[in-house]
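Reader: I have a structure open and would like to learn how to read it. Could you take me through some features step by step?

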Amino acid sequence: MSAGAIVVAAGSSTRMGSAGDKTLADIGGEPLIARTIDVFERCDAIAAIALVVSEGNRDAIAALRDNKGWHKTLPPLIGGARRQDSVRAGLDALPPDCDWVLVHDGARPFVTPRMIEEGLAAAAATGAAIAVVPAFDTVKRIGEGGRVVETLDRSELAMVQTPQVFRRDVLGRAHAEVMVDVTDDAAMVERIGIEVRTFAGARSNIKVTTPEDLLIATAMLR
């Protein structure tokens, strides 16, 4: 089984405000994206990494790639207008012998080799699997004017993370057939009728989106 990873770091970081580009933000002496990529570089299950970035940070990340000596990571690719466009660019760039593909948020630096390996194992059954954690909070559906419509059964709910793992032909077909905007690749795969399995993510596998998240991530490293 040969697997490739698509690490998506092409967002605009608008919710970071004056903190700037989260991709290059310092976390414990390392850029955030470096901590993410280092995990995939060290993982024996991963043969190649397509790193998808924005036009604004491509040069800095290319220099980081050279300085770190990442040997699995391809030269940075420019992402598209939507997340799924960025993933498609990464998919097209991976070597053809990568039969399995992991899609991961560049802003989740606490991914572990265990998640990667368990994700590949879980996806073997149907060709698709996603990392999840239980929904511990009460979740309510809200209608017009802030009115509570219903309280959802949280035993049936989960919070979705990355990595998400797919057989390459499944992900390729989903990207070819689904044109509507989606929030993750699993939603595309669901739309083409493929069963998506789950595996255990981790509460620590946070996505850095705001300056507060950056403080939490730095504290976690301590």
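Reader: Which residues is Ile46 in contact with, leaving aside its neighbours within four places in sequence?

Author: Contact here means heavy atoms within 4.5 Å. With those neighbours left out, Ile46 is in contact with Ala3, Ala5, Phe40, Lys72, Leu102 and Ile116. Before we go on, note that this is a predicted model, in which local features need pLDDT of at least 70 and side-chain atom pairs count only at pLDDT 80 or more, while totals for chains, interfaces and linings use all residues. Residues are numbered from 1 along each chain as its sequence is written, and side-chain values use heavy atoms, with hydrogens and water left out.

Reader: Where is Ile46 found, and is it buried or exposed?

Author: Helices (H or I, at least four residues) and strands (E, at least two) are DSSP runs, numbered from the N terminus. Ile46 belongs to strand E4, residues 46-53. A residue is buried under 20% relative accessible area, exposed over 50%, and partly exposed in between, using a 1.4 Å probe and protein chains only. Ile46 has a relative accessible area of 2%, so it is buried.

Reader: Which residues of helix H7 are buried, and which exposed residues does the face turned away from them carry?

Author: The buried residues of H7 (211-221) are Asp213, Leu214, Ala217 and Thr218. They cover an arc of only 140° around the axis, which puts them on the same side of H7. The face turned away from that buried side carries the exposed residues Glu212 and Leu215. Strand E2 (26-27) is included in what covers the buried residues of H7.

Reader: Let's move to the strands. What is the order of the open sheet of seven strands?

Author: Two strands pair if DSSP finds at least two bridges between them. The order of this open sheet is E5-E4-E1-E6-E10-E7-E11, with mixed pairing. Strands E5 (77-78) and E11 (197-200) stand at the edges with a single partner strand each, so one side of each is left without a neighbour in the sheet.

Reader: In what sense does E7 pair with E10, and with E11?

Author: E7 and E10 (residues 158-167) pair in the antiparallel sense over six bridges. There, Ala129 has Val165 as its bridge partner, and Ile130 stands opposite Gln164. With E11, E7 pairs in the parallel sense over four bridges, and Ala131 stands opposite Phe199. Six of the seven residues of E7 are buried, so E7 is largely enclosed by the rest of the structure.

Reader: Why does Ile130 count as buried?

Author: Ile130 counts as buried because its relative accessibility is 8%. Leaving aside neighbours within four places in sequence, its contacts include Val160, Pro163, Ala186 and Phe199.

Reader: Which residue is joined to Pro163 by a cis peptide bond?

Author: Most peptide bonds are trans. Here Thr162 and Pro163 are joined by a cis peptide bond, with omega about 15°. Pro163 is found in strand E10.

Reader: Finally, which residues line the largest cavity?

Author: Rolling a probe the size of a water molecule over the atoms shows where empty space is left. On a 1 Å grid over the protein atoms alone, a cavity is a set of points where a 1.4 Å probe fits but cannot get out, and lining residues have an atom within 4 Å of a point. The largest cavity is lined by Arg83, Gln84, Val87, Val182, Thr183, Asp184 and Asp185. Helix H3 (residues 83-93) gives the most to this lining, with three residues.

How values were computed:
Arc of directions from axis to C-beta. 1 Å grid on protein atoms, 1.4 Å probe; cavity = no way out; pocket = protein on both sides within 12 Å on 5 of 7 lines; lining within 4 Å.
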